[in-house]
Amino acid sequence: MVATVRALKMHSGGPTVTAGQPIPSEYSQENLELLAKGFVNLERHIGNALKFGIPVCVAVNRMKCDSEAEVQLLCRLSREAGASEAVVSSHWADGGEGARNLAEAVVRACSRSSNFRFLYPLEKSIEEK
């Protein structure tokens, strides 16, 4: 599962982003409150994925304007929400080396035992599903 600090801040109910206008500074400066408020979006996605009985690994795509405190908060909240791993990835800036920790975390997640299950009986019709 992939997340960015900025995207979660935008899910917080913060300032409106308008096409053609500069992005409000709340999204490019450290703002732990907006991040925590917007995290409920990712928390729901983690919870939904866990219902399938598989480990969840969160990739935090780190951008240049993300503070260390924001990244650490996002990782901590992700683990508290049930993710088995929450790993920072900086491949956009550091190439393959910036994705190494993420790749290793995905391998670990795939190596964990799981109890995959569908959330509905497969024999149900498309309409019933």
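Is Y120 buried, exposed or partly exposed? I looked this up first: Y120 is partly exposed, with a relative accessible area of 32%. My note on the terms: buried means under 20% relative accessible area, exposed over 50%, and partly exposed in between, using a 1.4 Å probe and protein chains only.

**Before going on**

I'm working with a predicted model, where local features need pLDDT of at least 70 and side-chain atom pairs count only at pLDDT 80 or more, while totals for chains, interfaces and linings use all residues. Residues are numbered from 1 along each chain as its sequence is written, and side-chain values use heavy atoms, with hydrogens and water left out.

**Entry: the sheet**

I found an open sheet of three strands in the order β1-β2-β3, with parallel pairing. β1 (2-3) and β3 (85-89) stand at the edges with a single partner strand each, so one side of each has no neighbour in the sheet. Strands here are DSSP runs (E, at least two residues), as are helices (H or I, at least four), numbered from the N terminus. Two strands pair if DSSP finds at least two bridges between them.

Then I checked β2 (residues 57-61): five bridges join this strand to β3, and the two run parallel. C57 stands opposite E85 in β3.

I also looked at what covers the sheet. Helix α3 (residues 68-80) lies across β1, β2 and β3, and runs at about 155 degrees to β3. For that angle, axes are lines fitted to C-alpha atoms, for helices over the stretch in contact, and angles run from 0 to 180 degrees between N-to-C directions.

**Entry: S78 and V58**

Which residues does S78 touch, apart from its neighbours within four places in sequence? I got F39, L42, I46, V58, A83 and A86, with contact meaning heavy atoms within 4.5 Å. S78 is in helix α3 and counts as buried at 0% relative accessibility. The side chain of S78 reaches the backbone oxygen of L74 at 2.8 Å.

V58 sits in strand β2 and is buried too, with a relative accessible area of 0%. Leaving out residues up to four places away in sequence, V58 touches M1, L42, I46, S78, A83, E85, A86 and V87. I also noted that V58 and L74 are 16 residues apart in sequence, yet 9.5 Å apart in space, C-alpha to C-alpha.

**Entry: the rings**

How many aromatic pairs are there? I count three. Rings of Phe, Tyr and Trp (its six-membered ring) pair if their centres lie within 6.5 Å; planes under 30 degrees apart count as stacked, over 60 as edge-to-face and the rest as tilted.

The rings of F52 and F116 have centres 6.2 Å apart and planes at 10 degrees, so this pair is stacked. The pair links distant parts of the chain, 64 residues apart: F52 is in the loop between α2 (32-50) and β2, and F116 is in the segment after α5 (100-111). F52 is partly exposed at 29%, and F116 is partly exposed at 45%.

F118 and Y120 make a tilted pair, 6.3 Å centre to centre with 40 degrees between the planes. F118 is partly exposed, at 43%. F52, F116, F118 and Y120 form one aromatic cluster.

**Entry: the cysteines**

I looked for disulfides (cysteine sulfur atoms within 2.5 Å) and found zero. C110 is exposed, at 64%.

Definitions and conventions. Polar contact = N/O pair within 3.5 Å; in protein donor to acceptor, adjacent residues only side chain to side chain.
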